[in-house]
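Biologist: Can we go through how the helices and rings pack in this one? Please keep it simple.

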Amino acid sequence: MANKRLRPVPERPSNGTVTLVDSNVLLDILTEDPTWSQWSGTALADSRDAGVLVINPIVYAEISVRFERIEDLDEAIPATDFLREQLPYPAGYLAGKAYVRYRRRGGAKTSPIADFYIGAHAAVCGYRLLTRDSARYRSYFPRLTVVSPDSSSQA
């Protein structure tokens with residue numbers, strides 16, 4: 001599977017855009033998904049060229065299921081390439097409110113609140129979100145800049 005590291009470019013600019021990377025993009029690359037790995041790899045590299053890449057503990061946990069050892073996970077997504085941020089408490093509040101709206105609109109209980117937390121983290125911090133799952137994020141976080149396959153540009 002994924003014994004390669006995700007290193008789209010060697011250095012990050014210090015004054016660029018910050019992009020929170022959703023686990024689906026990273027998993028596309030790590031698993032060499034035949035449908036999405038090329039788009040995800042290009043979008044990740046473009047986001048890295050534009051500034052800083054960020055993950056949070058939820059993204060880290062979602063990716064971890066593909067690895068037997070934490071050392072292998074840390075090698076695949078090194079902290080030198082992906083800034084690891086804690087989850088802001090205001091994002092928890094926003095995620096909860098978005099989840100309630102989702103459920104009131106008839107959303108299934110099977111949709112995890114973690115996805116809402118990822119969007120809320122990006123929203124409260126003013127980050128872009130790199131994901132393939134744009135519809136939900138755009139619906140519940142309308143001010144969030146979402147970079148996705150249906151975006152007009154990737155960076």
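This is a predicted model: local features need pLDDT of at least 70, side-chain atom pairs count only at pLDDT 80 or more; totals for chains, interfaces and linings use all residues.

Biologist: At what angle do α5 and α6 pack?

Modeller: Helix α5 (residues 89–104) and helix α6 (residues 113–125) pack at about 130°, and their axes are 8 Å apart. That angle makes α5 oblique to α6.

Biologist: Is the crossing left-handed or right-handed?

Modeller: The crossing of α5 past α6 is right-handed.

Biologist: Which residues meet there?

Modeller: From α5 they include Leu94, Ala98, Tyr99 and Tyr102, and from α6 they include Phe116, Tyr117 and Ala120. The contact of α5 with α6 has 13 nonpolar residues, three polar and no charged.

Biologist: Now the rings. How many aromatic pairs are there?

Modeller: The count is six aromatic pairs. One of them joins Tyr102 and Tyr140, edge-to-face, with 5.9 Å centre to centre and 75° between the planes.

Biologist: Where in the chain are Tyr102 and Tyr140?

Modeller: Tyr102 is in helix α5 and Tyr140 in helix α7 (residues 134–140), so the pair links distant parts of the chain, 38 residues apart.

Biologist: Are Tyr102 and Tyr140 buried or exposed?

Modeller: Both are buried.

Biologist: And why is the pair of Phe116 and Tyr140 edge-to-face?

Modeller: Because the planes of Phe116 and Tyr140 are at 75°, and over 60 degrees counts as edge-to-face. Their ring centres are 5.6 Å apart. Phe116 lies in helix α6 and Tyr140 in helix α7, so this pair ties together parts 24 residues apart in sequence. Phe116 is buried too, like Tyr140.

Biologist: Which residues do the ring pairs link into a cluster?

Modeller: Tyr99, Tyr102, Phe116 and Tyr140.

How values were computed: Residues are numbered from 1 along each chain as its sequence is written. Side-chain values use heavy atoms; hydrogens and water are left out. Axes are lines fitted to C-alpha atoms, for helices over the stretch in contact, and angles run from 0 to 180 degrees between N-to-C directions. Helices (H or I, at least four residues) and strands (E, at least two) are DSSP runs, numbered from the N terminus. Angles under 35 degrees count as roughly parallel, over 145 as roughly antiparallel, 65 to 115 as roughly perpendicular and the rest as oblique. A crossing is left-handed if the near helix is turned anticlockwise from the far one by less than a right angle, and right-handed if clockwise. Contact means heavy atoms within 4.5 Å. Ala, Val, Leu, Ile, Met, Phe, Trp, Tyr, Cys and Pro count as nonpolar, Asp, Glu, Lys and Arg as charged, and the others, Gly among them, as polar. Rings of Phe, Tyr and Trp (its six-membered ring) pair if their centres lie within 6.5 Å; planes under 30 degrees apart count as stacked, over 60 as edge-to-face and the rest as tilted. Buried means under 20% relative accessible area, exposed over 50%, partly exposed in between (1.4 Å probe, protein chains only).
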